[in-house]
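Hi everyone, thanks for coming. Please take a look at the structure on the screen, and then I'll walk you through it.

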Amino acid sequence: MFRHFILISFLFLTFSSFGNDKRSINNYEWTYRLLLINSIEKTTSLDQLLENKNILCQFKDRKLKLIKFHNNESPTYKTPSFITNKFGVWLIGYDGGVKKFTSIKEFNFDDIFTIIDGMPMRQKEMEINKIDC
């Protein structure tokens, strides 16, 4: 009887993981800042910049997570209503609020990092963690 329960539980977990269950970006609140990109093109001018090791270090230092959407869709994440049919880049704070929106063509990492570094919680993080990128 116990073996059947384990087998049924395993099968349920296995099959449910293949379902259309997408994660919500809200799961990252108070853990990560988010940079959401919604673009018409599959690849953007930002893709090459994101391969830069210094940029990746800056993301890690600022607890910044990148989530990409292509034509309002992501294979992993539910599409937030505020980006539907709007294309560009959003900076989302720990609290889940939009801190900045810009077009992909006007996007600049330095602007985003400056906004983040001005946030009160980031100020405290910089006092505690000294990461040199």
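Let me begin with a question: is Asp61 buried or exposed? Asp61 is buried, because its relative accessible area is 13%. By buried I mean under 20% relative accessible area, while exposed means over 50% and partly exposed is in between, using a 1.4 Å probe and protein chains only. Those areas are computed by the Shrake-Rupley method with a 1.4 Å probe, and for residues only the protein chains shown count as cover.

A quick word on where this comes from. This is a predicted model, in which local features need pLDDT of at least 70 and side-chain atom pairs count only at pLDDT 80 or more, while totals for chains, interfaces and linings use all residues. Residues are numbered from 1 along each chain as its sequence is written, and side-chain values use heavy atoms, with hydrogens and water left out.

Now the overall layout. The protein has 5 helices and 4 strands, and starting from the N terminus the order is α-β-α-α-β-β-β-α-α. Here helices (H or I, at least four residues) and strands (E, at least two) are DSSP runs, numbered from the N terminus. Of the 133 residues in the protein, 33% are buried.

Side chains of opposite charge can pair when their charged atoms come close. We call it a salt bridge when a side-chain nitrogen of Lys or Arg is within 4 Å of a carboxyl oxygen of Asp or Glu. How many salt bridges does a search of the whole structure find? The search finds 8. One of them pairs Asp61 with Arg122, with the closest N and O atoms 2.8 Å apart. Asp61 sits in helix 3 (residues 53-61) and Arg122 in helix 5, so this pair ties together parts 61 residues apart in sequence. Arg122 is buried too, since its relative accessible area is 2%.

Arg122 also forms a salt bridge with Glu125, where the closest N and O atoms are 3.8 Å apart. Those two residues are both in helix 5, 3 residues apart, which is about one turn of the helix.

Glu125, in turn, has a salt bridge to Arg33, with 3.2 Å between the closest N and O atoms. That pair links distant parts of the chain: Arg33 is in strand 1 (residues 33-39) and Glu125 is in helix 5 (residues 120-128), 92 residues apart. Arg33 counts as buried because its relative accessible area is 1%, and Glu125 is buried as well, at 12%.

Phe82, Val98 and Phe101 make a nonpolar surface patch of about 230 Å². Patches are built from residues with over 30% relative accessible area and no salt bridge; like charges are joined within 9 Å, and nonpolar side chains (Val, Leu, Ile, Met, Phe, Trp, Tyr) within 5 Å. Phe82 is found in the loop between strand 2 (64-70) and strand 3 (88-92). Phe82 counts as partly exposed because its relative accessible area is 32%.

Asn71 has a positive phi of about 50 degrees, although it is not a glycine. Trp30 also has a positive phi, near 65 degrees, and is a residue other than glycine. You'll find Trp30 in the loop between helix 1 (2-17) and strand 1, and Trp30 is exposed, because its relative accessibility is 55%.

One last stop: which residues line the largest pocket? They are Asn38, Ser39, Ile40, Glu41, Thr44, Ser45, Phe87, Gly88, Ser103, Ile104 and Lys105. A pocket here, on a 1 Å grid over the protein atoms alone, is an open set of points where a 1.4 Å probe fits, with protein on both sides within 12 Å along at least five of seven lines; lining residues have an atom within 4 Å of a point. The volume of the largest pocket is about 150 Å³, counted as the space filled by probe spheres set on the points, which are joined across faces, edges and corners. Its lining has 3 nonpolar, 6 polar and 2 charged residues. For that count, Ala, Val, Leu, Ile, Met, Phe, Trp, Tyr, Cys and Pro are nonpolar, Asp, Glu, Lys and Arg are charged, and the others, Gly among them, are polar.
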